[in-house]
Amino acid sequence: MSAVQTYRYLGSSALGQGGLALQTSGGPTPNPRFFTGFLTTPQAAAVGLLAVAEVARTRYHRPVSPASLDPVVTGSRDRLRFESFSGCCGVYARLDTLPAGIDGDVVEHGTTNVDVNNPLREALARVGGLDPLHLSVGPDDLTVSTMDGPVVEKKVPLPVRWLRGFAEVQILAAAFEPRAEIPATEAATFLRRLPTTSDRSVLWAVPAGKSLRLTSRPVPGAVCLAGASRLTALRGMLRFAQTLRVYGPTVAAGSAPVPSTWELDTGALRLSLTLSPEPYRGFSGEGAALTALAGDDVVDDANLVTAVLSWDPTIDVDRLASDTGIDPARVRAALAQLGTAGRVGYDVSEAAYFHRVMPYDAGRAERDNPRLVGARALLDTGAVELDGTTATIRSGDQVYRARQLPDGNLTCTCPWWAKHRGQRGPCRHALATRMLTVERAEERV
């Protein structure tokens, strides 16, 4: 299933004597010019852009023909962010060009798809250490399609699962903590020992002095490394990096596989890869955002938050709560709603949200999450009956029981919960039960 959006480009992206020209579409004005200037570390920036583009073209699970998804670029005051998902949606890549990495002006704030075609990839690969790299995101002049003549148009089918992936990644990453930081020399040794061909292994990386050691079982302080070959895209940046930082959620002995982020920092650039919990799992199906999206007020809250979002490089949740008059928990739920439309991301390095502009409305969360749609349908038909901490749910000819655990999570007797045991978010029956429980509690207030 795809959400087809028409993007207008003036032509193909190219690297010529005038510098790197990335043709853009969308944003606050037609074909805006988000940035013009030089990149201070041109060869490293070229390698980072190639890495993000390569992830967008790759399907790590069951590799087949290359995908053809264009990376997304966001300009925000003092930095540029280039993002992509792999064709299988199990790897999220981002290159952050930091203030030290740019010598120019971010003229407009906005987000757009970037046309990274074969000629551009070949040109970036030829950038040498002494070659200047001037980047202009958007052309100087605009030609549009009018009655007097055509412009170049390019339709980009943007899969719904990619938008859902944006929402899931920011929810999951917000729970990450720094787990290890090792020097680039040790990082190079560690990464080069990993397989380069597709693998389905789930390993765990444990800090060991100035390096990392791998184990087959989770232990406290470990970081999950599922499908180690999926880190291949980092290798080109190793010669420019100062450190490798690794982020992940808290784990314990016996923990199930979890996502993780692996980030190379050059000082001027940060290239990060976020891996799904297992090689065959795409972020779009994780279900982490469902609980946050289930509230009755979440769409209204999202619209309220949208009205006061600034274009600072990061989003301050407490400031948004103060500006909107809603508590931080509801702000985070609103950000999850906006994330479903691709309009909010999360930066683990700065432990902060950031803003994108995407041509999709926040209300699409209802349409694009089948479990959320199914939960609403169960409530609309009166199929959920509460009895203390348990509920009976009638779904067609089947009857299921949902029960609240001491930690607040819900179990269910349905096949979905039996298969995933809550690791991929709530089933529609548990979600409907939670929604009805909250509604009844609000009625009693």
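Leaving aside its neighbours within four places in sequence, with which residues is Glu 278 in contact? Counting heavy atoms within 4.5 Å as a contact, the partners of Glu 278 are Val 202, Ala 226, Arg 230 and Pro 257. This is a predicted model, where local features need pLDDT of at least 70, side-chain atom pairs count only at pLDDT 80 or more, and totals for chains, interfaces and linings use all residues. Residues are numbered from 1 along each chain as its sequence is written, and side-chain values use heavy atoms, with hydrogens and water left out.

Glu 278 itself sits in the loop between strand 18 and helix 5 (290-293). Helices (H or I, at least four residues) and strands (E, at least two) are DSSP runs, numbered from the N terminus. With a relative accessibility of 16%, Glu 278 counts as buried; the label means under 20% relative accessible area, exposed means over 50%, and partly exposed is in between (1.4 Å probe, protein chains only). The side chain of Glu 278 also makes a polar contact of 2.9 Å with that of Tyr 280. Such a contact is a pair of N or O atoms within 3.5 Å; within protein, one must be able to donate a hydrogen and the other to accept it, and residues adjacent in sequence count only if both atoms are side-chain atoms.

Stepping back, the chain has 445 residues, 55% of them buried, and its secondary structure comes to 12 helices and 24 strands. Of the contacts with a separation of 6 or more, 71% are between residues 24 or more positions apart.

Strand 7 (residues 91-97) is largely enclosed by the rest of the structure, because 7 of its 7 residues are buried. Val 91, Ala 93, Leu 95 and Thr 97 point one way from strand 7, while Tyr 92, Arg 94 and Asp 96 point the other way. Strand 6 (residues 79-85) runs antiparallel to strand 7 and is joined to it by 6 bridges, with Arg 81 opposite Asp 96. These two strands form a hairpin with 5 residues between them, and Cys 89 in the turn has a positive phi of about 65 degrees. Strand 18 (residues 269-275) is also antiparallel to strand 7, through 7 bridges, and here Arg 94 stands opposite Ser 272.

At the start of helix 7, a side-chain oxygen of Asp 316 comes within 3.0 Å of the backbone nitrogen of Asp 318. After helix 7 comes Gly 325, with a positive phi near 80 degrees.

Notes:
Two strands pair if DSSP finds at least two bridges between them.
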